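Please look over the sequence and the structure shown here before reading on. The report after them is arranged by topic.

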Amino acid sequence: MSKPNFQDNLVSLEDKIRQHEDNLKFLTNQTNQLDESILDLQVSLVKYHSTNEAGTENKNGASHNEEETMEQILRQEKSAAGILCQLNSQHASQALNSAFSKDVLGIVANLARVDDDNLSRLLSEYLGLETMLAIVCRTYEGVKALEKYDGEGTINSSSGLHGLGSSIGKKIKGRFVVICLEDLRHYVGGFIADDPQKKLALPKPRLPNGECPDGFVDYAVNIISLESRNLTCLTGTGHGLRETLFYNLFSRLQIYKTRTEMLVALPCIHDGALSLDGGMIKKSGIFALGSRKDMEVKFPVITGESDVPASYIKTENTIRMLKWERTCIAGDIRREEELIKQVKANFQGQT
Amino acid sequence: MKRTVPWNEEVDVISSDSDESSSLDKEVEINNGRAVKQSTDDMMADHPTIEITSEGSLIRRAEMYQEYMKRIPIPTRRGSIIPFSTWMGLGKSIKQLYGQPLHYLTNVLLKQWDQLRFNSEDEHRPLDTIIHPCKAEATVWLIEEVHRCTSSHYHIAKLWLSDPMHHAFVDSIFPQL
């Protein structure tokens, strides 16, 4: 009685192995299709560039102020951010590329832009120099690659960013902040529909009478502008910088026109507020009084419109989505490989 | 014999009403199971048809996914007390502690539980001061067991079809089976 069952089991396991192998072929085909589509879209971008050579200098409405921000960071010579930017600018980065450059997204100060100099100074002052110079990594692998330790827990100064700094005669002084995107608690609410900047759908503050306080401008997290490549698909969960990095840095920091209006709205302020005439509330109950400070490092200011067509940006976004989809299929392939391993182990156990 | 899929509709891949939707590319639609990229710019007019997520391929991938998730055993020895401020934070800690992915449906549910606190009076109050961590973890595992053992891959595929960013809730954690 047991023999026919044993044979049936073997046949069934063989069928399962075949089915999983077919699945793997299917997933590999899907990956190949995506690769072809990505390549085709990249070729179309290259064609655009070759017919519009002068058109990319002002991509995304960038201004010379981005270079100013970079100069400001480079002047912080003993900071990790300054050293990282110097290494990037010198293309000293064969080692940089292989170590962590794919994981490092940039420095906080050059990952956002604002509409005017006043906002730039305000937001930069609110965050403080240490945060403005923070290095942003996608994953914890990037964080680990920046600094390594020897057996006794002391910093290994010949590896990571310390080692690369030494190679250009620079030494990092003191501590430096590194932000790991995948470990941040991200915003879970909705987004403003059809907004190209993917701003967060945060409800306006309301006074007890239901009205929005006078002078309320916006939330800081929504007032900044991001480059299109930083809007989505930066993390494994598909998020961009606004709902991860900047939501963590600013939370629901409110912006008001005047200090007086900001103070009237105090009951509605939970995560701090700024006023365009220099008022600053760090968070509920903590007021930053005194004179405004001129910051060594500030967010760049946008000037002028982008001269890149919307279709170019859409194509870039499509490429990003397809690349992300490809990463997801790689996960499917891995799961299927685990299933095959398990079925084969059962098969070998039975034969 | 597999039953036929009960639905066969034209669905926009990108929905502006969806929380997780991207407003990236309004021009990508699913049309009878094939995603078509339409370009208004002549320079980009040579795009081939891009089949990103057809019904059939989503059903197949959902079936593979469900079969894999079904085989991961629910941990039985759970002595931990996990402090948590949010449901998604608890989910993340559980994944790290046990080295297991949570099901797509569980991850979606945890996000919904966090979303339902949005703008409530206690929105920022750590959840472990409201619900005991042991009870919370046990609840997550019970829900996970339901999703791993009883979900239909057709149901999952249908949800994936309406959410182009569904992979945000598919964990890249691969325990040995």
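Predicted model: local features only at pLDDT ≥ 70, side-chain atom pairs only at ≥ 80, totals over all residues.

## Helix 8 of chain A

Helix 8 of chain A covers residues 160-167 and is mostly covered, since 6 of its 8 residues are buried. The buried residues are A:Gly160, A:Leu161, A:His162, A:Gly163, A:Leu164 and A:Gly165. After the helix comes A:Gly169, which has a positive phi, near 75°.

## Salt bridges within chain A

Over all chains, a search of the whole structure finds 20 salt bridges. One of them joins the side chains of A:Asp15 and A:Arg18, with an N to O distance of 2.9 Å. These two residues are 3 residues apart in helix 1 (residues 2-51) of chain A, so about one helical turn separates them. A:Asp15 has a relative accessibility of 39% and counts as partly exposed. A:Arg18 is also partly exposed, at 46% relative accessible area.

A:Glu227 and A:Arg229 also meet through their side chains in a salt bridge, at 3.1 Å from N to O. A:Glu227 has a relative accessible area of 17% and is buried, because buried means under 20%. A:Arg229, with 43%, is partly exposed, because that term covers values between 20% and 50%.

## Salt bridges involving chain B

In chain B, a salt bridge links B:Glu144 and B:Arg148, whose closest N and O atoms are 2.6 Å apart. Both residues belong to helix 4 (residues 133-150) of chain B, where they are 4 residues apart, or about one turn of the helix. B:Glu144 and B:Arg148 are both buried.

A network of salt bridges brings in residues from chains A and B: A:Glu325, A:Asp332 and A:Arg335 are linked in it with B:Arg61.

Is A:Gln254 buried or exposed? Its relative accessible area is 3%, so A:Gln254 is buried, the cut-off being under 20%. A:Gln254 lies in strand 5 of chain A, which spans residues 254-256.

The side chain of A:Gln254 is joined to that of A:Tyr256 by a polar contact of 2.5 Å. Leaving out residues up to four places away in sequence, A:Gln254 touches A:Pro205, A:Phe216, A:Asp218, A:Tyr219, A:Cys268, A:Ile269, A:Gly272, A:Ala273 and A:Leu274.

Technical notes:
Residues numbered from 1 in each chain as written. Chains lettered and ligands numbered in written order. Heavy atoms only, no water. Buried < 20%, exposed > 50% of the residue type's maximum accessible area, 1.4 Å probe, protein only. Salt bridge = Lys/Arg side-chain N within 4 Å of Asp/Glu carboxyl O. Polar contact = N/O pair within 3.5 Å; in protein donor to acceptor, adjacent residues only side chain to side chain. Contact = heavy atoms within 4.5 Å.
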